[in-house]
Amino acid sequence: MEKRNLKSLNTFAIDCVAKKFVEFDSEKDFEKIDKAYRESEKVHILAGGSNTVFLNKEFDGTIIKIENKGKTIISEEVDSVAVEVNSGENWAEFVRWACLNGFSGLENLAAIPGQVGASPVQNIGAYGSQVADRILWVEVHNMKTSDNYRIMNADCEFDYRFSRWKTSHKEELIYKVVFLLDKVFRPQLDYAAIRSYLEENKINEVSPLQMCDIVTEIRNSKLPDPEILPNAGSFFKNPTISQEQFEDLKQRFPQIVSFSQPNAVKLSAAWLIEQCGFKGERYNHLGMHAKQALVMVNYGDATGEDVLNFANLVIEKVEEKFGVRLEIEAHLIK
Ligand SMILES: Cc1cc2nc3c(=O)[nH]c(=O)nc-3n(C[C@H](O)[C@H](O)[C@H](O)COP(=O)(O)OP(=O)(O)OC[C@H]3O[C@@H](n4cnc5c(N)ncnc54)[C@H](O)[C@@H]3O)c2cc1C
């Protein structure tokens with residue numbers, strides 16, 4: 001349980017030192033992490049660190065770093081397979097492995113940074129897909145009671161970028177996720193960027209692997225690589241407002257970008273941020289990316305405090321102009 005600098009373990013590259021650091025390599029480590037949990041007032045589970053912002057220069061507690069690897073096909077039917085994946089597996093590599101084997105359902109979520117065990121936490125989503133639609137159940141270890149149990153999909157409380165683990169149940173360490181994948185490919189083409197890519201490149205038929213590559217290519221052309229320009233992906237959630245509020249905004253801003261939802265309207269946070277002049281602008285060490293205004297980037301040595309101040313400035317300006325309050329998507333760790 002030694003001290004550890006976390007700068008290389010979070011994609012925003014925030015300099016933060018953890019007082020204690022413990023690795024979870026396999027189920028043999030349950031006892032070790034329970035002890036660490038009991039002995040520390042503050043514990044944080046760290047996976048790939050791609051949705052995490054450390055707010056202080058020191059994390060005055062214990063970091064449990066997820067490293068358990070491995071995956072197994074646990075059942076196979078004529079048209080589907082169930083795959084059990086250990087949390088420490090890299091998400092993008094798992095999706096590619098599935099596509100290479102002709103197992104589909106996750107290809108629109110290709111190239112999202114991070115680990116498998118973190119995927120249910122905020123119900124990762126992209127290009128019209130969300131992981132909740134492919135999860136059968138999640139195996140958790142409760143570090144407080146030392147029990148292991150299974151949370152079935154219906155009990156995960158999945159919603160847009162949300163699950164039971166997003167704001168509570170922090171004593172539950174997810175150590176496996178079980179996915180149901182198709183052996184018959186039904187490409188999901190709802191998303192405009194995918195449809196236009198296929199049209200422009202005159203592609204009529206795709207395999208899961210081709211779709212994985214296409215999504216990866218589209219993402220790489222739009223999103224900054226954290227290795228080059230540190231970031232945590234979409235920094236804010238797309239806000240949902242009432243139909244009534246939307247009608248009012250539409251009158252004042254006819255170009256407003258929105259996605260309709262049952263009984264509500266989801267707005268593009270990137271559009272709102274761009275309209276406030278933040279896109280591509282730099283504020284000391286930080287800025288909203290020139291190609292994707294929803295992504296906050298760290299140009300240098302931003303501290304967690306700088307990130308919070310800049311995020312609050314963006315929230316304030318958007319609220320002033322549109323009367324809509326943005327919510328931070330990234331996990332802020334004190
Ligand atoms: C360039 C870029 C693009 C991105 N694009 C997308 C996107 O398209 N869609 C999307 O949804 N997200 C996106 N993200 C955000 C991020 O990739 C996902 O949220 C990802 O699932 C985070 O995984 P991680 O392993 O890095 O988690 P971390 O940041 O390490 O952890 C995230 C949260 O999950 C908890 N957690 C992690 N593992 C466990 C576990 N085993 N048990 C219990 N709790 C756990 C952590 O405590 C923390 O609260 C992007 C990020 C970047 C940098």
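## Helix α5

The structure is a predicted model, in which local features need pLDDT of at least 70 and side-chain atom pairs count only at pLDDT 80 or more, while totals for chains, interfaces and linings use all residues. Residues are numbered from 1 along each chain as its sequence is written.

Helix α5 covers residues 208-222, and its 15 residues reach 21 Å from the first C-alpha to the last, close to the 21 Å expected at 1.5 Å a residue, where the expected span is 1.5 Å times one less than the number of residues. Its buried residues are Pro208, Met211, Cys212, Ile214 and Val215. Seen down the axis of α5, these residues fall within an arc of 165°, so they line one face of the helix; the arc is that of the directions from the helix axis to the C-beta atoms. An α-helix has 3.6 residues a turn, so residues three or four places apart point the same way. The buried residues of α5 pack against α2 (91-100) and α4 (192-200), with two residues taken to be in contact if their C-beta atoms, placed from the backbone, lie within 7 Å.

## Helix α8

For helix α8 (residues 304-322), the 19 residues should span 27 Å at 1.5 Å a residue, and the end C-alpha atoms are 27 Å apart, which agrees. In α8, the residues Gly304, Val307, Phe310, Val314, Val318 and Phe322 are buried. They cover an arc of only 130° around the axis, which puts them on the same side of α8.

The face turned away from that buried side carries the exposed residues Glu305, Asn312 and Glu320. Among the elements that cover the buried residues of α8 are α6 (243-252), α7 (269-275) and β19 (295-298). After α8 comes Gly323, whose phi is positive, near 70°.

## Strands and sheets

Strand β10 (residues 135-142) and strand β11 (residues 148-152) run antiparallel and are joined by five bridges; two strands pair if DSSP finds at least two bridges between them. Trp137 has Met152 in β11 as its bridge partner. The hairpin of β10 and β11 has five residues between the strands, and Ser146 there takes a positive phi near 65°.

An open sheet of three strands has the order β14-β16-β15, with antiparallel pairing. β14 (240-241) and β15 (258-261) stand at the edges, each with a single partner strand, so one side of each is left without a neighbour in the sheet. Four bridges connect β15 with strand β16 (residues 264-267) in the antiparallel sense, and Ser260 has Val265 in β16 as its bridge partner.

## Residue Asn142

Asn142 lies in strand β10 and is partly exposed, with 16 other C-beta atoms within 10 Å. Leaving aside residues up to four places away in sequence, Asn142 touches Asp147, Glu171 and Glu172.

How values were computed:
Helix = DSSP H or I, 4+ residues; strand = E, 2+ residues; numbered from the N terminus. Buried ≥ 20, exposed ≤ 12 C-beta atoms within 10 Å, placed from the backbone.
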